[in-house]
Amino acid sequence: MEYVKLGSTGLEVSPIALGCMSFGDPARGGHAWVVLEPEARGYIQRALEAGVNFFDTANSYSGGSSEEIIGRALKDFADRDEVVIATKVYFRNRKGPNGGGLSRKAILADVDHSLRRLGTDYIDLYQIHRFDKTTPIEETLEALHDVVKAGKVRYLGASSMYAWQFTKALYLQKQHGWAQFVSMQNHYNLLYREEEREMLPLCREEGIGVIPWSPLARGRLTRDWAEDSQRQNTDRFATHLYQEGDRAIVEAVASIAAKRSIPRAQVALAWLASRPGVTAPIVGTSKPHHLDDALAALEVRLSPEEVEELETPYTPHEVSGIEV
C-alpha cells in the first residue's frame, strides 16, 4: 500500500478509506442492509491486512453502534498510532433538545460520546456532517477549534455543503486563527459530477483533501440499470440523487469492464481515484468482493479514450446530497 497525504497536511492515509456506515445494529436504528459486528470485524481485519489505515464513520450511523464496532475491532487488530479514525457530527443522535446540530453544546457533548464509543483518547479527523444553518457559524468553528486544542481531535474536516459556505468557513477560521478544515467529504462519482464546478477547484486551491462518499453511486455503477438491490429498495435518501439519463454512463462502465475482464466497480473507482485533488474515495463493504474490488482498483489505469467514453454521456444534475 502506498500512502498519500491528506490535502496539505502531513497525515498519511491509504488511498481508499473503509466506509463504516454499512456496519451496525439494525435494532439501534441501522438500515436493513447493515452488517452485524461479527462479519464487520472480518472486513476491518482484512482491510488492515491489506494496508488500509483510514476508517470513516459517524456518530449517527446505526445509533452509534458503528463507532462501537470500529473501536472494538481496531483495538483488537491495529496499532492505534498507525490508523486514522474519522467520524462525524451533526445529525440527531439523541432525543430531546440539543441532540444534534452544530451548537457549542452539541459539539462538546458529542465529541465525548464518540470518544467513548470508539474507545479512544482522540479522533484523528472530526468532520461536520452537514452545514448547520440554525447555528451561527462562528459558534460552530470556535467549538471545533476548542476540541482540537483540548487534544480530543487531531484534524477537522467538513462534508457536503455549498462551496460558498465552505469558503466562508475557511475564511473565518483564518481570520480568527482557529483550527482549519483540512478535508472535504462530498458526493462525487461518475453519475454525479456537479462538485467539479466549484467545490473541487476550491479544494485544490486551498490544499483541502477530498474524500468522496458514495463513489459507486449507491451501487448503481456496479450493475445493470434495471437491476436493483436491497439497499436501493430501502435507501430513501438515494431516490433523488440520480436520474434516468445516467443509464448511458452505467452502460459505458459495463462496456469498459467487459473489455478489460474486470468488475465494473474497479472501473468506476479507478476513474474517481484519478480525478485531480481526490485523496481517498470512501468505500463501503457489505460483501467480501466490495473490499477486493476497491483494493484492485488502485492498480487500474484508464486510458484517455476510456475516460472520454465514461465522461461524455454526463448531463447536469440538480445539486443534491447537501440539503437535509
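Axes are lines fitted to C-alpha atoms, for helices over the stretch in contact, and the angle between two axes is taken between N-to-C directions. In general, two packed helices are described by the angle between their axes and by the distance between those axes. The model examined here is predicted.

Helix H2 (residues 65-77) packs with helix H3 (residues 104-118) at an angle of about 45 degrees, and the two axes lie 7 Å apart. H2 is therefore oblique to H3. On the H2 side the contact is formed by Glu67, Glu68, Ile70 and Gly71, and on the H3 side by Ser114, Arg117 and Leu118. Sorted by class, the contact of H2 with H3 contains two nonpolar, two polar and three charged residues.

Helix H10 takes part in two of the helix pairs described here, one with H9 and one with H1. The axes of helix H9 (residues 264-273) and helix H10 (residues 288-297) approach to within 8 Å, crossing at roughly 45 degrees. H9 and H10 are therefore oblique to each other. The crossing of H9 past H10 is right-handed. H9 contributes Ala265, Gln266, Leu269 and Ala270 to this contact, while H10 contributes Asp293, Ala294, Ala296 and Ala297. Six of the residues in the contact of H9 with H10 are nonpolar, one is polar and one is charged.

For helix H1 (residues 37-49) and H10, the axes come within 10 Å and the crossing angle is roughly 20 degrees. Angles under 35 degrees count as roughly parallel, so H1 is roughly parallel to H10. H1, too, passes H10 in a right-handed crossing. Here Tyr43, Arg46 and Ala47 of H1 meet Pro288, Leu291, Asp292 and Leu295 of H10. The contact of H1 with H10 has five nonpolar residues, no polar ones and two charged ones.

Empty space within the model was examined next. Rolling a probe the size of a water molecule over the atoms shows where such space is left. Three cavities of 30 Å³ or more were found in a search of the whole structure. The largest cavity has a volume of about 60 Å³. Its lining is made up of Leu102, Ile128, Phe131, Asp132, Ile137, Thr140, Leu141, Met161 and Ala169. Helix H4 (residues 137-149) supplies the largest share of this lining, three residues. Seven residues of the lining of the largest cavity are nonpolar, one is polar and one is charged.

The second largest cavity has a volume of about 40 Å³. Ile16, Leu269, Ala273, Pro281, Ala294, Ala297 and Leu298 form its lining. The elements giving two or more residues to that lining are H9 and H10. Leu269, Ala294 and Ala297 line the second largest cavity and also take part in the contact between H9 and H10. The lining of the second largest cavity has seven nonpolar residues, with no polar and no charged ones.

The second largest pocket has a volume of about 410 Å³. Of the 19 residues that line this pocket, Pro15, Ala273, Leu298, Glu299 and Arg301 lie nearest its centre. H9 and H10 are again the elements that give two or more residues to the lining. By class, the lining of the second largest pocket comprises 14 nonpolar, two polar and three charged residues. Ala273 and Leu298 are among the residues that line the second largest cavity, and both are also named among those nearest the centre of the second largest pocket.

How values were computed
Residues numbered from 1 in each chain as written. Predicted model: local features only at pLDDT ≥ 70, side-chain atom pairs only at ≥ 80, totals over all residues. Heavy atoms only, no water. Axes fitted to C-alpha atoms, helices over the stretch in contact; angles between N-to-C directions. Helix = DSSP H or I, 4+ residues; strand = E, 2+ residues; numbered from the N terminus. Parallel < 35°, antiparallel > 145°, perpendicular 65-115°, else oblique. Left-handed = near helix turned anticlockwise from the far one by under 90°. Contact = heavy atoms within 4.5 Å. Nonpolar A, V, L, I, M, F, W, Y, C, P; charged D, E, K, R; others polar. 1 Å grid on protein atoms, 1.4 Å probe; cavity = no way out; pocket = protein on both sides within 12 Å on 5 of 7 lines; lining within 4 Å. Points joined across faces, edges and corners; volume = space filled by probe spheres on them.
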